[in-house]
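Here is a short report on one structure. Keep the sequence and the 3D view open as you read.

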Amino acid sequence: MNPQLEGIENIEGTYAFDIRTCNRTLNVNRFFWNMIKAEWRERYLKDPEGVMTEAGLNDTEKDLIRKQDWLGLVQHGVNFFVLEKFARVARKSNLEVYAIMRGESFEDFMKTRRVPDAR
Amino acid sequence: MNPQLEGIENIEGTYAFDIRTCNRTLNVNRFFWNMIKAEWRERYLKDPEGVMTEAGLNDTEKDLIRKQDWLGLVQHGVNFFVLEKFARVARKSNLEVYAIMRGESFEDFMKTRRVPDAR
Amino acid sequence: MAKIIGCIGTSHVPTIALAYDRGRQEDPAWKPLFDGYKPVAQWLEDKKADVLVFIYNDHATTFFFDMYPTFALGVGERFPIADEGAGLRNLPQIKGDVDLQAHIAESLVNDEFDLTIFQNKPIDHGCASPLPLLWKHEPDWPGAIVPIAVNVLQYPLPTPRRCYKLGQAIRRAVESYPKDLNVVIVGTGGLSHQIHGERTGFNNEEWDLEFLELLQNNPQKLLDMTHADYVRLGGAESVEQIMWLAMRGAMPEKINKIHQNYYLATTTAMTVVLFEGDEVSAGADQATAAAAAANA
Amino acid sequence: MAKIIGCIGTSHVPTIALAYDRGRQEDPAWKPLFDGYKPVAQWLEDKKADVLVFIYNDHATTFFFDMYPTFALGVGERFPIADEGAGLRNLPQIKGDVDLQAHIAESLVNDEFDLTIFQNKPIDHGCASPLPLLWKHEPDWPGAIVPIAVNVLQYPLPTPRRCYKLGQAIRRAVESYPKDLNVVIVGTGGLSHQIHGERTGFNNEEWDLEFLELLQNNPQKLLDMTHADYVRLGGAESVEQIMWLAMRGAMPEKINKIHQNYYLATTTAMTVVLFEGDEVSAGADQATAAAAAANA
Ligand SMILES: [Fe+3]
Ligand SMILES: [Fe+3]
């Protein structure tokens, strides 16, 4: 146990991304990371199933992606900052993804913000 | 000046490879590094001029490579350990490259070694 | 000799870049953010800042987890700004200074900081998001960047104390550079925010203001906290505030706040703060530093 | 708890791999080399070594200069052995231990070593060249490797003292791992050789033997030397011997030499040496280490 993370398990709704997690989920993290390349984005949009298979994803991972289950992907061990790249390709803003992870509608989520117009 | 390298300029026949050198020669170092990929090696062997151009090499660099001027390449700022990869593609053993850098014939060079048969 | 003339702490959320690129500078929802940077941009221009040492983090753009560095320093005359999934931004390539970057790298490595050196790679919004708010850049940037990327993504992260020590070593590196340059240290990230998991949207303004106060007057207290403490108090991604500690480490013990803007609009407490070293105490600090160096 | 049962210093020249793969074990020119490893391989088998912490350098294979780390630690259950231009070798993939590697990474980073973490990458001859001479590997390797790559290619390199301190931190990391494992530290490289420029072929047997003596009995003297000193005394590429200092740092103050083989055939003084900690002095050392940790 990394002593710098002592007690983090008591913070609800939070998933520390560490080497152990990353080692288990490197493929799916790479799949999302590759979305920074225009060529990969285009290939994915044309043939999502083919590109997911090529990336070595397992069935659980493919299913989470098909459903765009953002929270499920985070819980599976995907780093948010590669997921964010996928959000661009899926044409979701970060704020929309945040609302989904909280299980709220976008408008309800924005009402909880101080400046709901800052989009 | 890196204090760890103080006095190195007085050691003859030695070329410290540092960040400054590397920044100047990154392209040509990458050209040689790419020789660890079978596909790059094959493409180079089929079309050396095309691959050198694709790698962004300048005329000086191309000429040093055409002549297999090992010492000239080191003096230009190529790291020996990427050059070594090119030696494999050029079908030269390290010992042969060493002899050339010393300006000796291979047999003369091997005579200077304690176990000339260790090849 | 090069000298550090001040430091800037700034958020780096991609939202800033997005609003900037869309020209939202006068939009009522965004104006408080952009206006908050104007005094800092003016100060940089007035003080003729030549170099920004940018302590930022990569967000898995330049680097992927197949090779993730704790501290990485970029060397190059130019760095493209990265496409992070939404295409390229209309900005000039970031400008570097190879001789200065190499000097700082040599100084830090000899000072026992185990850098990764990167070259010829595009740079992430951690640096590129606040940069155009700090420096005018038409047709080109007025000075050079020394990009220093810190791992705040994949645990183990460098400890808060290690980041502070990095800042102290950056000061030694800058002050041993023989050219006359005005250098500003920029620490990026935060303040409070969490953008993953069910706790997404967490903020803590009280802690943010306490952090800013401690940063100026009692940074040692911030060094004793664990990463989990930062996550608890400011949200998971606020742990990146350890980069502000690196900035702080490069400054003298006493610093004066010149400007601060805190704007919590949606999910990140967007903040910019500018400090200068206290002129009176600076002499004493330098004597202490010299004594420490002599003993090392 | 895991414990360090000894350390091995070994050359890692690709020549060894080449001769090995060509089956030159009985060739008169090569037999003295291969025979020199037999007692070490036997010792590893007798002592039931579970893990080799391999302090080696990449030779611009796994890493290119667009991103070159000072210290990089590999995490993975398996690592392929790299093709360095001559094709693949007929060896099983190197075996890892993710939990142990992650623990050591966490311990080192929290101990202020600024690692780069690498995953899922092929490994260079710096590790793979001596490995099959140390461990039988049919059908598979008998234990796991913790690969720790050190930059000895692109200046600035970590200082000799920093490498030694890395070794000390590796000891703390290993000894805080809760599983009972027998761990051996392997430092690779050297001894004297130069393989670039007109000075190619330089050797210095006198210095090599002095280095081995100092390494055992007075390593502090080796820490005060600069990289330029190593280059002058042992040839440019012998500077990689700083990795032996990391190995040495992981051992107690007093160590006993169990075996040594020195074979300078053509251009590199190929050497293998095996040390164990001195049983009598080990207790005192541990007390010192505990006191140092308490004060830190
Ligand atoms: Fe961030
Ligand atoms: Fe080597």
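## An enclosed strand

All 7 of the 7 residues of strand β9 (residues 182-188) of chain C are buried, so the strand is largely enclosed by the rest of the structure. Buried means under 20% relative accessible area, exposed over 50%, and partly exposed in between (1.4 Å probe, protein chains only). Helices (H or I, at least four residues) and strands (E, at least two) are DSSP runs, numbered from the N terminus.

This is a predicted model: local features need pLDDT of at least 70, side-chain atom pairs count only at pLDDT 80 or more, and totals for chains, interfaces and linings use all residues. Residues are numbered from 1 along each chain as its sequence is written, chains are lettered from A and ligands numbered from 1 in the order in which they are written, and side-chain values use heavy atoms, leaving out hydrogens and water.

## Faces and neighbours

In a regular strand the side chains alternate between the two faces of the sheet. Both faces of β9(C) are covered. On one side sit C:Asn182, C:Val184, C:Val186 and C:Thr188; on the other sit C:Val183, C:Ile185 and C:Gly187.

C:Lys3 has C:Asn182 as its bridge partner. C:Val53 stands opposite C:Ile185.

## The iron site

Three residues coordinate the iron ion (ligand 1): C:His12 (NE2), C:His59 (NE2) and C:Glu240 (OE), at 2.1 to 2.2 Å. C:His12 lies in the loop between β1 (3-10) and α1 (14-21) of chain C, and C:Glu240 in the loop between α9 (227-234) and α10 (242-249), 228 residues apart. Donors are N, O and S atoms within 2.8 Å of the metal (3.2 Å for Na, K and Ca); water is not among the atoms, so sites may look incomplete.

C:His12 counts as buried because its relative accessibility is 2%. C:Glu240 is buried too, at 3%.

## Where chains B and D meet

The contact (heavy atoms within 4.5 Å) takes 47 residues from chain B and 47 residues from chain D. The rule finds 3 salt bridges across this interface. A salt bridge is a side-chain nitrogen of Lys or Arg within 4 Å of a carboxyl oxygen of Asp or Glu. D:Asp83 and B:Arg41 form a salt bridge at 2.9 Å, N to O.

Note on methods: Two strands pair if DSSP finds at least two bridges between them.
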